[in-house]
Amino acid sequence: MEILIGVAAVIVLFIIIILIGYVKAPPDTAYMISGFRKPRILIGKAGIRIPFLERLDKLSLKMFSVDVKTTDYVPNAEYINVKVDATVKIRIGQSEEMMSLASKFFLNEGEDMIIRRVQDTLEGNMREIVGQMRLEEMVTDRKAFGERVQENAIPDLKKMGLEMISFNVQSFSDQNNVIEDLGIDNISQIKKGAAVAKAQADRDIAIAQAQAAKEANEAKVQSEMEIAEKQTSLAIRQAELKKQSDVKKADADAAYSIQEQEQRKAIEVASANADIARAERTAELKSKEVDVTKQTLDAQIRAKADAERYAAQQAAEAELFRRTKEAEAKMIERQHEAEGIRAVGEAEAEAIRLKALAEAEGIDKKAEAMKKYGEAAVIEMIMAALPEIAKNVAEPLSKVDKITMYGEGNSAKLLSDIVNGTAQVTEGISAGMGIDIKSLIMGALGGKIAADTNAPVVVVQPAKEASAAQDEEPENK
């Protein structure tokens, strides 16, 4: 019984130890068991830790990102002060040896503590490499710079049980803007190279275009020559075919014309035979129809004559009626015209009578006035007409373009001719009317002078006598 109780107690104790000491390590953490037994490392596996006799320590196997920067400017091989900013990826080595070394420095420590301890070592290695390289080498070949830093830092990290995964340079900077000047120089070189490359490319393109244009032109000329040759061959072939066609057409036209003439001849012969047969048949029919036609013709002539006679009678009666009506209409129209003419004549006669009466009354009144005023009225009428007479006598001279006079007194001669003309007109009036115009004027003037004793006596010499007293003048032009 006591033995059973002791065995049961052992079993229970074993179960408690297993439950309390059971551990399971994740893949990114190493569990290190040490103490009662030989040290063991669990990574992604389970194990038993004897409570109170063994301890459990943890070591992170994650990859750490360390930001490595030079705290101040570091002179390089050319004594140019340079700052470098880089990022380093590290982790604890996966071998037992590396983990044993790392456990001495980073056991049960967090990520931040590990990063702070590593930063100084990495910065020191980076400073060493900066001092060994030229600035242009570092800037233009960052990969080489990173590899040299890794080569310099890996032994130091290995001593701490760490391994470097990668080293990436973020940026370079300097105090005197040398990097920027290098960039400007490189930009100029690049632009120059690009310009040269572009010029060469343009030249190559121009050459290629010229060559292509030349080949295209040659191809075009060759094509046009082939087309011209083909067109010439086609034209020749067409001419030959047309010639053959024209010959065949001419043969066909001739054959058709001959055939047409033969057919026309046959048709004309057949038509003449038909006409002869038709004429013979018509003669036979007419000879048979003559008798019947003669009998019916007499009846038709007789009926036609009766109809024409009746139509003539009707036409004559209609014409007589029409002429009668036209005569009556013309008679009525002439009566109306006669009445109109008579009315117009009566009106015109009345107008003439009234006009004559008016003129007679005017003449009577004029005669009475002449009788009343006597010689004064006659003299007034003559004096009023004298200017118009002188105007009409001198009017022919106004139509002469130019008058040339020779000798003296020609203007007086011209004036005497105008006065003589006027005197001749007044003498003609006197002879036609039986009135002595000169005596009337002289008597009127004499009476007036006798009435006015203070008036001077004026002797009027006739124009004809005054002109006789003048010397004869040369002919006027």
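Student: How much of the protein chain is buried?
Tutor: In this predicted model, buried residues account for 17% of the 477 residues in the protein chain.

Student: OK, and how many helices and strands are there?
Tutor: The protein chain has 10 helices and nine strands.

Student: Which residues have the most contacts inside the largest nonpolar core?
Tutor: Those are Ile-90, Leu-122, Phe-145 and Phe-167, in a core of 38 residues. Among the elements giving two or more residues to this core are strand S8 (81-92), helix H5 (142-159) and strand S9 (162-174).

Student: And which element gives the most?
Tutor: H3 does, with seven residues.

Student: What does Leu-122 touch, leaving aside neighbours within four places in sequence?
Tutor: Leu-122 is in contact with Val-66, Val-68, Val-88, Ala-153, Leu-157 and Met-164. There's also a second, separate core of five residues, including Tyr-31 and Leu-42.

Student: Back to H3 then. Is Glu-123 buried or exposed?
Tutor: Glu-123 counts as buried because its relative accessibility is 13%, and the cut-off for buried is under 20%. Glu-123 sits in helix H3 (residues 111-132). Beyond four places in sequence, Glu-123 contacts Val-68, Lys-69, Thr-70 and Thr-71.

Student: Switching topic: what's the mean pLDDT of the protein chain?
Tutor: The mean is 76, with 74% of residues at 70 or more.

Technical notes: Residues are numbered from 1 along each chain as its sequence is written. This is a predicted model: local features need pLDDT of at least 70, side-chain atom pairs count only at pLDDT 80 or more; totals for chains, interfaces and linings use all residues. Side-chain values use heavy atoms; hydrogens and water are left out. Helices (H or I, at least four residues) and strands (E, at least two) are DSSP runs, numbered from the N terminus. Buried means under 20% relative accessible area, exposed over 50%, partly exposed in between (1.4 Å probe, protein chains only). Contact means heavy atoms within 4.5 Å. pLDDT is the predictor's confidence in each residue, from 0 to 100. A nonpolar core is a set of buried Ala, Val, Leu, Ile, Met, Phe, Trp, Tyr and Cys residues joined through side-chain atoms within 4.5 Å.
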